[in-house]
Structure formats: structure tokens, C-alpha cells
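Work through the following exercises with the sequence and the model at hand. Each task is followed by a solution in steps.

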Amino acid sequence: MSNALAMAPPAQLCGVTTTEILPLKVRDIVLRFGGATVLDGLCLDLGPSGCTVVMGPNGAGKSLLLKLLHGLMQPTSGQIFWGGSAPRDVMARQALVFQKPVLLRRSVAANIDFVLKARHKDRALRDVWLDHVGLSHKASQPARLLSGGEAQRLALARALATDPEILFLDEPTASLDPASVLAIEHIVREARDSGVRIIFVTHDMGQARRMADDVVFLHRGRLVEHSPAADFFPQPHSSVARDHLNGRIVV
Ligand SMILES: Nc1ncnc2c1ncn2[C@@H]1O[C@H](COP(=O)(O)OP(=O)(O)OP(=O)(O)O)[C@@H](O)[C@H]1O
Ligand SMILES: [Mg+2]
């Protein structure tokens, strides 16, 4: 791993806020597909900083919630406000990284160049970002030849190169080895510390404990609890969260 990961990202690269995008207010959102209600009356307030970890069993609605917050989907009813704006109106100020990185079939460097050009940013930032995620030595390689962990670091660098105020992560380390997991967490933590608001879905309990400032727990499309991490992990309020943390099957 490059020493670049040990240094904080240059302050001018991340989290520079122009107008307020936070707090986030989610009011009674419902999402239905045909007759199935997959998100059911969700209300949520998120403050201006930190890392919110979203947890819950498979099918609880975590990924759908991220897509609604990002503006990729519309709820059937209810409202979402980012500092008073609808998600679609602030999409460009947010970035989303999925479990499987979606990379351009070009070089590693070209993947960063692409977003810098699209956002009218200085092309010289490419080398800073590649260094930051320890991929400078792979710059001219085709991105498709990267390992899973390297590809995810590139996806993260590309997301951060857009200078997002909000970074959504949907199980970004689900198929990575322990060292790659920690490398990703390190980059995310630095982004958070530089002011990027993080919303992070994970099934990895250790990761949730390492990363969370607060925890949103979903079950069957409902928000069961939203607590500071320091309260949630030792003593979740709900029995479903307790069972989930203890590895018991939650139905
Ligand atoms: N386009 C769709 N049409 C119908 N049902 C859908 C659609 N997308 C998702 N769902 C359903 O909505 C529910 C929540 O899906 P979601 O992907 O948000 O779960 P999740 O909490 O992210 O689960 P996982 O931990 O497995 O990733 C699931 O039951 C899923 O089958
Ligand atoms: Mg999911």
C-alpha cells in the first residue's frame, strides 16, 4: 500500500461546501413495487457531519433507501430534502460507490481523467488522487486488469475526485480481503474527516463498529432504530437489531 494512504487528502480536494446540503430530512417515504411495499413510512434526520452506517438483514431496503436519497429513484409517496433541495437537484454534489465497481474500459488514469473533465476540474488532480489511493504505479494499466481491492480503490478515488459533499457506499468491501477492507476504510475515514458526509451500507459488523458515528437499522422496509453508534452497539433498543448483531436469523 502506498504511503499516500497515510496522508490526509489535500483540503482543497474534498468536502468544500458552497451552499448547505445538510441536514437531510426524510419524511414518511413509502416505496411500492406493484402490490409490494418495500419501504414503509421511513422518517430520518441526518446531521451535518460524520459517517452513518445503514444496517439490516438482506432485503430490508438499504440499497433502495440509498437510491432514493441519491435521486436515482422516486418514492411512491413522502418527501426527501437535502438542505431544502430535492435529491435530483443535488445529485451532482453526491457520489455513490457500489459493491461491484463500475469502471470505464480504459486505463486507470483515464477513469479519473473522465470525471475531472466532466466536472471541469484541474487534470493535475488525477495524480494526486491516484497517489492518495495507492494506484500511481498502475496509472497506465487497463482498469479491467485491477484486482477487486484495487478496482474498488479506483472507484473510490473517482467518486472523491468529483468533490462530493455526500458519499454513499453500498457494501463497498463485501468481496475484499481484510487488508483491502482496511485500506478502503482508511480512505473513507479520511474523506469523512475532511468534511465529506458518509452514508455507508455494510453487513460487516466489525466494519460497522469501526466506521459508524451513528447507525440506521432497517427491517422489512421500516426504520427500526437510529442511534449513536456508542449506544447502538452495546445496547440496541429493538429485539430485531439485537438478534441481528448476535448473528441470529431475523425474519
Ligand atoms: N425493482 C424492484 N422491483 C420489485 N422489488 C424490488 C425491486 N428492487 C428491490 N426490490 C425488493 O425490495 C426489497 C429491498 O431491496 P434492497 O435491495 O433495498 O435490499 P437490501 O436491504 O439492500 O438487501 P441486501 O442486504 O441483500 O443488499 C427486497 O425485497 C427486494 O426484492
Ligand atoms: Mg443491498
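**Exercise 1. The chain as a whole**

What percentage of the 251 residues in the protein chain is buried? Describe the overall build of the chain as well.

Solution. The model is a predicted one. Start with burial: a residue counts as buried under 20% relative accessible area. By that cut-off, buried residues make up 52% of the 251 residues.

Next, take the secondary structure. The protein chain has eight helices and nine strands. Its radius of gyration is 18 Å, close to the 18 Å that the globule rule gives for 251 residues, so the chain is as compact as a globular protein of that length. The C-alpha trace spans about 50 × 35 × 35 Å along its principal axes.

The accessible surface comes to about 11,500 Å², and 51% of it belongs to carbon and sulfur atoms. Of the contacts with a separation of 6 or more, 70% are between residues 24 or more positions apart.

**Exercise 2. The sheet**

In what order do the six strands of the open sheet lie? Find the edge strands too.

Solution. Reading across the sheet gives β5-β6-β7-β3-β8-β9, with mixed pairing. The two ends of this order are the edge strands: β5 (94-97) and β9 (222-228) each pair on one side only. On average, neighbouring strands are turned by 15° against each other, direction ignored.

β5 pairs with β6 (residues 166-170) in the parallel sense, over four bridges. Within this pairing, A95 stands opposite L167 in β6. Helix α4 (residues 148-161) packs on the sheet here and touches β5 and β6. The direction of α4 makes about 170° with that of β5.

**Exercise 3. Helix α1**

Which strands does helix α1 lie across, and how many of its nine residues are buried?

Solution. α1 (residues 62-70) lies across β3 (51-55), β5, β6, β7 (197-201) and β8 (214-219). The helix runs at about 155° to β6.

For burial, go through the helix residue by residue. K62, L64, L65, L66, L68, L69 and H70 are buried. That makes seven of nine, so α1 is largely enclosed by the rest of the structure.

Finally, check what follows the helix. The next residue is G71, and its phi is positive, near 95°.

**Exercise 4. A residue in β3**

Is C51 buried or exposed, and which residues is C51 in contact with, leaving aside its neighbours within four places in sequence?

Solution. First locate C51: it is found in strand β3. The relative accessibility of C51 is 1%, so this residue counts as buried.

Next, list the partners. With sequence neighbours within four places left aside, C51 is in contact with R192, R197, I198, F200, M211, A212, D213 and D214. Take R192 from this list: C51 and R192 are 141 residues apart in sequence, while their C-alpha atoms are 6.8 Å apart in space.

**Exercise 5. Aromatic rings**

How many aromatic pairs does the structure hold? Describe the pair formed by F232 and F233.

Solution. There are three aromatic pairs. One of them joins F232 and F233, with 5.3 Å centre to centre and 85° between the planes. Planes over 60 degrees apart count as edge-to-face, so the pair of F232 and F233 is edge-to-face. Both residues are buried. Ring pairs also bring in F217, which is linked with F232 and F233 into a cluster.

Terms used
Residues are numbered from 1 along each chain as its sequence is written. Chains are lettered from A and ligands numbered from 1 in the order in which they are written. This is a predicted model: local features need pLDDT of at least 70, side-chain atom pairs count only at pLDDT 80 or more; totals for chains, interfaces and linings use all residues. Side-chain values use heavy atoms; hydrogens and water are left out. Two strands pair if DSSP finds at least two bridges between them. Axes are lines fitted to C-alpha atoms, for helices over the stretch in contact, and angles run from 0 to 180 degrees between N-to-C directions. Contact means heavy atoms within 4.5 Å. The radius of gyration is taken over C-alpha atoms; the globule rule is 2.2 Å times the number of residues to the power 0.38. Buried means under 20% relative accessible area, exposed over 50%, partly exposed in between (1.4 Å probe, protein chains only). Accessible areas come from the Shrake-Rupley method with a 1.4 Å probe; for residues, only the protein chains shown count as cover. Rings of Phe, Tyr and Trp (its six-membered ring) pair if their centres lie within 6.5 Å; planes under 30 degrees apart count as stacked, over 60 as edge-to-face and the rest as tilted.
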